[in-house]
Amino acid sequence: MSKFSKSEKSWVLYDWANSAYTLTLTSTILPLYFKSLAGEAGVSAANSTAYWGYANSIATLILAVLAPILGTIADYKGFKKKFFTLFFVIGVVFTMLLSVIPPYAWVLLLAFYVLTAVGFSGANIFYDSFLIDVTTEERMDKVSTAGFAWGYIGSTIPFIICMIIVILSQQKMIPLSVPSASKVSFILTAIWWGVFTIPLLKNVTQNYGIPVEANPISKSFKRLGKTFQNIKHHKALFLFLLAYFFYIDGVDTIIKMATSYGSDLGISSNSLLIILLVTQFVAFPFALLYGKLAEKVGAKKMLYVGIIIYTFICIYAFFMKTTLDFWILAMLVGTSQGGIQALSRSYFGKLVPKENSNEFFGFYNIFGKFAAIMGPFLVGIVTMKTGKSNYGVFSIIVLFIIGGIILTLVPEPKNDKPVSLNEGIEQVKP
């Protein structure tokens with residue numbers, strides 16, 4: 001991190017800060033806590049799973065409606081930080097408030113979770129967009145991959161602490177019930193997220209934007225309408241978003257379906273948890289490696305590498321039978337999941353017009369959100385038709401092939417070219 005400017009470091013630290021939310025709340029402790037509360041209230045396991053899915057869908061829908069609108073308004077100078085701060089505060093505050101909800105109020109818990117998800121995803125729109133403000137186009141790949149890399153480590157530290165607290169409470173080695181230990185985890189996650197966001201709030205500013213004018217909201221809607229009308233003038237952007245929609249759907253599906261597939265192979269929950277943690281640590285150096293290699297050969301070529309690796313993962317999963325096979329699969333995922341996501345973000349950042357970056361990153365986040373629908377549906381349909389989950393996982397290969405083909409049609413951004421590794425931070429705006 002010594003070769004990064006203060007604004008770059010502060011931006012990277014936000015990935016370190018908010019990744020704790022993803023691993024601790026979205027993926028592990030909160031879903032289990034919710035199902036426990038719902039079960040005690042007489043809700044069946046199947047229904048509680050359905051309600052959890054509905055909550056995630058509602059949060060996605062809210063963001064899908066708000067993202068391009070708020071992004072367009074935030075393109076006015078001075079608005080980006082305000083919107084980022086608003087959503088960040090919503091996310092942190094309601095994450096903290098999860099700890100005070102009574103045991104019987106599972107509906108309220110679900111409602112607060114939706115607000116935390118809206119805050120988390122809403123802040124990410126403006127966080128991603130800040131990439132163009134904190135660094136130059138030549139350094140975007142390096143900075144973006146650093147964010148993902150440090151995010152993997154930043155997610156594991158509070159997660160391990162929270163899991164230790166929960167396990168100790170289960171073993172009655174500390175004077176906390178399991179529900180109380182879960183509530184402590186929510187508080188620790190909120191604190192981690194809040195504290196490590198302070199550098200971004202202090203050191204990152206909006207350098208690009210549209211001068212503020214009268215009636216900014218109504219004029220923002222007009223600009224948004226013109227964007228849709230003039231899609232042909234943004235051909236490279238929308239071709240990339242289409243390619244991204246397919247291949248990132250494959251990436252997200254493999255991440256989300258991995259534990260279910262592992263369970264089908266008979267791998268225990270504890271083993272799956274260990275594999276998940278190890279994958280996070282493997283992903284850290286490989287995300288940085290993707291950034292280094294992108295400096296030498298260009299980000300687009302490294303996106304192809306990621307797509308090829310994920311295509312091989314689908315093929316390998318088809319023949320997978322043992323726990324060792326699953327370990328190998330998970331490590332392969334770890335080599336590329338951070339790199340392909342980080343370089344997608346920086347590649348898109350090179351394509352967007354800087355003064356309209358929030359508007360376009362709003363679309364970028366929408367495509368990423370809705371991409372999470374098609375892949376799991378494809379896996380489910382193929383698995384049900386064949387009766388074999390390995391056929392379902394193999395079917396995802398179609399998404400990577402389509403995404404890769406469309407990516408070949410995307411014009412190269414002028415700055416997606418190899419650069420000298422010793423180009424220093426003097427290039428970066430203060």
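Analyst: Accessible areas here come from the Shrake-Rupley method with a 1.4 Å probe, and for residues only the protein chains shown count as cover. On that basis the protein exposes about 18200 Å², with carbon and sulfur atoms supplying 71% of it. Keep in mind that this is a predicted model, in which local features need pLDDT of at least 70 and side-chain atom pairs pLDDT 80 or more, while totals for chains, interfaces and linings use all residues. Numbering starts from 1 along each chain as its sequence is written, and side-chain values use heavy atoms, leaving out hydrogens and water.

The overall picture comes next. The protein has 16 helices and zero strands; these are DSSP runs numbered from the N terminus, helices being H or I with at least four residues and strands E with at least two. Of the 430 residues, 54% are buried, where buried means under 20% relative accessible area, exposed means over 50% and partly exposed is in between (1.4 Å probe, protein chains only). Among contacts with a separation of 6 or more, 84% join residues 24 or more positions apart; a contact is heavy atoms within 4.5 Å.

Now the inside. Nonpolar side chains tend to be buried together in soluble globular proteins. Here a nonpolar core is a set of buried Ala, Val, Leu, Ile, Met, Phe, Trp, Tyr and Cys residues joined through side-chain atoms within 4.5 Å. The largest such core has 64 residues, and Trp-11, Tyr-14, Leu-30 and Phe-84 have the most contacts inside it. Helices H1 (6-40), H2 (45-73), H3, H4, H5 (131-134), H6 (140-170) and H7 (178-195) each give two or more residues to this core. A separate core of 50 residues lies apart from it, with Ile-307, Leu-343, Phe-363 and Leu-399 among its members.

On to the rings themselves. The structure holds 35 aromatic pairs; rings of Phe, Tyr and Trp (its six-membered ring) pair if their centres lie within 6.5 Å, and planes under 30 degrees apart count as stacked, over 60 as edge-to-face and the rest as tilted. Phe-83 and Phe-126 make a stacked pair, because their ring centres are 5.6 Å apart and their planes sit at 20°. Phe-83 is in helix H3 and Phe-126 in helix H4, so the pair ties together parts 43 residues apart in sequence. Both Phe-83 and Phe-126 are buried. Phe-126 also pairs with Phe-87: centres 6.1 Å apart and planes at 35°, so this pair is tilted. Phe-87 belongs to helix H3 and Phe-126 to helix H4, so to speak two distant parts of the chain, 39 residues apart. As for cover, Phe-126 counts as buried at 1% relative accessibility, and Phe-87 is buried with a relative accessible area of 6%.

One aromatic cluster is formed by Trp-11, Tyr-14, Tyr-21, Phe-84, Phe-88, Phe-120, Tyr-127, Phe-130 and Trp-193. What does Phe-84 touch, leaving aside its neighbours within four places in sequence? Phe-84 is in contact with Tyr-14, Ala-123, Phe-126, Tyr-127, Phe-130, Thr-197, Leu-200 and Leu-201.

Phe-4 brings charge into the story. The charged end of Arg-139 sits over the Phe-4 ring, 5.8 Å from its centre, and that of Lys-142 also sits over this ring, at 5.9 Å. To count, NZ of Lys or CZ of Arg must be within 6 Å of the ring centre and within 35 degrees of the ring normal.

Some polar side chains are tucked away too. Asp-133, in helix H5, is buried with a relative accessible area of 3%. Its side chain makes a polar contact of 2.4 Å with the side chain of Lys-80, a polar contact being N or O atoms within 3.5 Å, where within protein one must be able to donate a hydrogen and the other to accept it, and residues adjacent in sequence count only if both atoms are side-chain atoms. Beyond residues up to four places away in sequence, Asp-133 touches Lys-80, Thr-205, Gln-206, Asn-207 and Tyr-208. Lys-300, found in helix H12 (residues 299-318), counts as buried at 5% relative accessibility. A polar atom of the Lys-300 side chain lies 3.2 Å from the backbone oxygen of Leu-407.
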